[in-house]
Amino acid sequence: ISVSAFLLNRSSDLEIFNLNFQDDPNVKYIDGIIDAYHNAVNAITFYGPTYFGPILSTINKMIKEENYNLKYHILMILTDGKIDDIDNTIDALVEGSFLPLSVIIIGVGNDNFDTMKILDADENPLIDSKGIRAVRDLVQFVPFIKYESNPEKLANEVLAEIPRQLVEYYEQNNLDPIKLS
């Protein structure tokens, strides 16, 4: 499993680094992800405002630059609440809906997560600033506090939409994932 992190620094430049602070971003199993996360939380100073748009745009660009039909990507975002660039975020998510991408947003803390529910688009599809409608729902929002006492249920909820999102992408693009591997 490869773990990388994307942070906006105070000058609004996007920094990409391996979450395990090693040259090789790969870690073993879920324990490796958890260890990398714990080490990073202790080494990084978090601050606001929160911008998802640049991170999502960077991911979209990275996927487009590689032979993107061969891999399916899952981006996990941990956030403590309100985002400050909802329009840019929706634009990037609509663009991402055409790519082999799923986005899992985990809300930590007790803040207001109404915006995340909009991004989840279970009830209303996302429409970008140009009027383009997302071709599929690619976001799953999970409030951590709701499942923090039940790790198994948290894992199930986090991954609940991934199979459907993956199948929808490949079907919409007339691709057979088995033949691509």
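## Exposure and the model

Buried means under 20% relative accessible area, exposed means over 50%, and partly exposed sits in between (1.4 Å probe, protein chains only). V41, at 31% relative accessibility, therefore counts as partly exposed.

A quick word on the source: this is a predicted model, where local features need pLDDT of at least 70, side-chain atom pairs count only at pLDDT 80 or more, and totals for chains, interfaces and linings use all residues. Residues are numbered from 1 along each chain as its sequence is written, and side-chain values use heavy atoms, leaving out hydrogens and water.

## The nonpolar patch

V41 lies in helix α1. Together with Y37, M76 and L78, V41 makes a nonpolar surface patch of about 330 Å². Patch residues have over 30% relative accessible area and no salt bridge, and nonpolar side chains are joined within 5 Å. Helix α1 (29-43) and strand β3 each supply at least two of the patch residues.

## The sheet

Strand β3 also belongs to an open sheet of 3 strands, in the order β3-β4-β5 with parallel pairing. At the edges are β3 (73-79) and β5 (139-143), each pairing on one side only. Two strands pair if DSSP finds at least two bridges between them. On average, neighbouring strands here are turned by 15 degrees against each other, direction ignored.

Strand β4 (residues 101-107) pairs with β5 over 5 bridges in the parallel sense. I104 has Q140 in β5 as its bridge partner.

## T50 in its loop

T50 is in the loop between α1 and α2 (53-65). T50 counts as buried because its relative accessible area is 18%. Leaving aside residues up to four places away in sequence, T50 touches T79, D80, K82, I83, D84 and D85, where contact means heavy atoms within 4.5 Å.

Key
Helices (H or I, at least four residues) and strands (E, at least two) are DSSP runs, numbered from the N terminus. Axes are lines fitted to C-alpha atoms, for helices over the stretch in contact, and angles run from 0 to 180 degrees between N-to-C directions. Patches are made of residues with over 30% relative accessible area and no salt bridge: like charges are joined within 9 Å, nonpolar side chains (Val, Leu, Ile, Met, Phe, Trp, Tyr) within 5 Å. Accessible areas come from the Shrake-Rupley method with a 1.4 Å probe; for residues, only the protein chains shown count as cover. A salt bridge is a side-chain nitrogen of Lys or Arg within 4 Å of a carboxyl oxygen of Asp or Glu.
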